[in-house]
Amino acid sequence: MNLTINILLFVFNILEKINTFFLRIGRQFAWIAILLMVIVILIQVFFRYVLNNALPWPDEVARFLMLWMTGLIAPSAYRWGGFVSIDLLERFLPKLISTFLTLFLLIVSLFVLVIGLELGFKHINAGWIFNSSSIKIPFHLIGGKAEPIKLAWMYMSLPVGIIFLISVNIELILRNILTNFTRLDLPEDYDKQKLETQ
């Protein structure tokens, strides 16, 4: 039993460190994506309503940034319990039953995420066929020809986000097991604590 707990604790510690590192990077890129998205939307508002001459690219660029922002911030929200959830039943159940219910829901979520990952990769494959209608790499600025980007680069936000969600999901399963079935006192997410004290 001790060997099993030690293995679970070892895996948890590695996964917790990996998730912390990559989710921090993801959050920084997500903030940048939000900032750029706001700038792009304001540019479009100015051109459409002030100059009465809407640009062709801001709507699609804003959508591109929104998808990537969502894919990069969702794992942090999931790790911190930021998703909408109904926990009324869980609160009224005895602790042991509540623990098993939480574990069951996390395992079901893991299966759903794995299916979502498979669908996400299929979506990317389709994205290599189609070009963006308005987002182009400006090779014409250096004497070449502007090249439209493939929609796969936009769709890639889905599997990237789901991979991190799966990693967080496994961490939450291990945390739940180690917290409720051992006397171990696992550390809380420092970034979450820092955010809550601000």
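**Exercise 1.** Is Phe164 buried, partly exposed or exposed?

*Solution.* The model is predicted, local features need pLDDT of at least 70, and side-chain atom pairs count only at pLDDT 80 or more. Residues are numbered from 1 along each chain, and side-chain values use heavy atoms, without hydrogens and water. Buried means under 20% relative accessible area, exposed over 50%, and partly exposed in between (1.4 Å probe, protein chains only). Phe164 has 21% relative accessibility, so Phe164 is partly exposed.

**Exercise 2.** Classify the ring pair Phe22 and Phe164.

*Solution.* Rings of Phe, Tyr and Trp (its six-membered ring) pair if their centres lie within 6.5 Å; planes under 30 degrees apart are stacked, over 60 edge-to-face, and the rest tilted. Here the centres are 5.9 Å apart and the planes lie at 35°, so the pair is tilted. Phe22 belongs to helix α1 (residues 2-50) and Phe164 to helix α6, 142 residues apart. Phe22 is partly exposed at 39%. Phe21, Phe22 and Phe164 form one aromatic cluster.

**Exercise 3.** Classify the ring pair Trp128 and Trp153.

*Solution.* The centre-to-centre distance is 5.4 Å and the planes are 85° apart, which is edge-to-face. Trp128 sits in the loop between α4 and β1 (131-137), and Trp153 in helix α5 (residues 152-155). Trp128 has a relative accessible area of 37% and is partly exposed; Trp153, at 42%, is also partly exposed.

**Exercise 4.** How are α4 and α6 oriented to each other?

*Solution.* Helix α4 (residues 95-127) packs on helix α6 (residues 157-181) at about 165°, with axes 9 Å apart. The helices are therefore roughly antiparallel (angles over 145 degrees).

Conventions:
Axes fitted to C-alpha atoms, helices over the stretch in contact; angles between N-to-C directions. Helix = DSSP H or I, 4+ residues; strand = E, 2+ residues; numbered from the N terminus. Parallel < 35°, antiparallel > 145°, perpendicular 65-115°, else oblique.
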